[in-house]
Amino acid sequence: MNERYDLQEALVQVMVIMSAVDNAMTDAELALIGRLARSLPVFDGFDEAQILHAARECTVLLAAPEGLDVTLEVIRERIPARFVDTAYALAVEIAAADQRIRNEEIRLLQMLRDRLGLDKLTCAAIERAAIARLRRH
């Protein structure tokens, strides 16, 4: 695989684990994963059909012993440093898709932040931007 594809697949996997962490992958979350993979520049050239492949690989990794830890490590290895904030932003988007962020999602965001080496200020800015963008009247 090439480096760009590895990055794109890892970003899809970030969104998949965020969607699955509360044991309820909602239609809104799944639709958002597809929409983001079709529209964001980081996914240029990514075959949308590969979303299913990335999701399946993620499911296999998660089912293994210590699956979440292994999955986060695989993701960390595939995401270059300049894209770690992008990965976190995608995770926040998926967590906020259903307008409720659950405790499991908060915990996964913390784990992702720590694994990717993001500082709290950057994460707070990403989270605040998502709140502002998704606010309803």
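Biologist: Is arginine 113 buried or exposed?
Modeller: In this predicted model, arginine 113 counts as buried, because its relative accessibility is 17% and the cut-off for buried is under 20%.

Biologist: Which residue does the side chain of arginine 113 meet in a salt bridge?
Modeller: The partner is aspartate 114, and the N to O distance of that salt bridge is 3.4 Å.

Biologist: And aspartate 114, buried or exposed?
Modeller: Aspartate 114 counts as exposed, because its relative accessibility is 52% and exposed means over 50%.

Biologist: Where do arginine 38 and glutamate 48 sit in the chain?
Modeller: Arginine 38 belongs to helix H2, which covers residues 27-39, while glutamate 48 lies in the loop between H2 and helix H3 (50-63), so the pair, 10 residues apart, links distant parts of the chain.

Biologist: What about exposure for arginine 38?
Modeller: Arginine 38 is exposed, its relative accessible area being 51%, whereas glutamate 48 counts as partly exposed at 37% relative accessibility.

Biologist: Which residue does arginine 78 meet in a salt bridge?
Modeller: The side chain of arginine 78 meets that of glutamate 57, with an N to O distance of 3.1 Å. This pair also links distant parts of the chain, with arginine 78 in helix H4 (residues 67-78) and glutamate 57 in helix H3, 21 residues apart. Glutamate 57 is partly exposed, with a relative accessible area of 21%.

Biologist: Changing topic, what volume does the largest pocket have?
Modeller: The largest pocket has a volume of about 260 Å³. Of the 15 residues that line this pocket, Val92, Ala96, Ile101, Glu127 and Ile131 are the closest to its centre.

Biologist: Which elements give two or more residues to the lining of the largest pocket?
Modeller: Those elements are helix H5 (84-96), helix H6 (103-116) and helix H7 (120-134).

Biologist: How many residues of that lining are nonpolar, polar and charged?
Modeller: The lining of the largest pocket divides into 9 nonpolar residues, 2 polar ones and 4 that are charged.

Note on methods
Residues are numbered from 1 along each chain as its sequence is written. This is a predicted model: local features need pLDDT of at least 70, side-chain atom pairs count only at pLDDT 80 or more; totals for chains, interfaces and linings use all residues. Side-chain values use heavy atoms; hydrogens and water are left out. On a 1 Å grid over the protein atoms alone, a cavity is a set of points where a 1.4 Å probe fits but cannot get out, and a pocket is an open set with protein on both sides within 12 Å along at least five of seven lines; lining residues have an atom within 4 Å of a point. Grid points are joined across faces, edges and corners, and a volume is the space filled by probe spheres set on the points. Helices (H or I, at least four residues) and strands (E, at least two) are DSSP runs, numbered from the N terminus. Ala, Val, Leu, Ile, Met, Phe, Trp, Tyr, Cys and Pro count as nonpolar, Asp, Glu, Lys and Arg as charged, and the others, Gly among them, as polar. Buried means under 20% relative accessible area, exposed over 50%, partly exposed in between (1.4 Å probe, protein chains only). A salt bridge is a side-chain nitrogen of Lys or Arg within 4 Å of a carboxyl oxygen of Asp or Glu.
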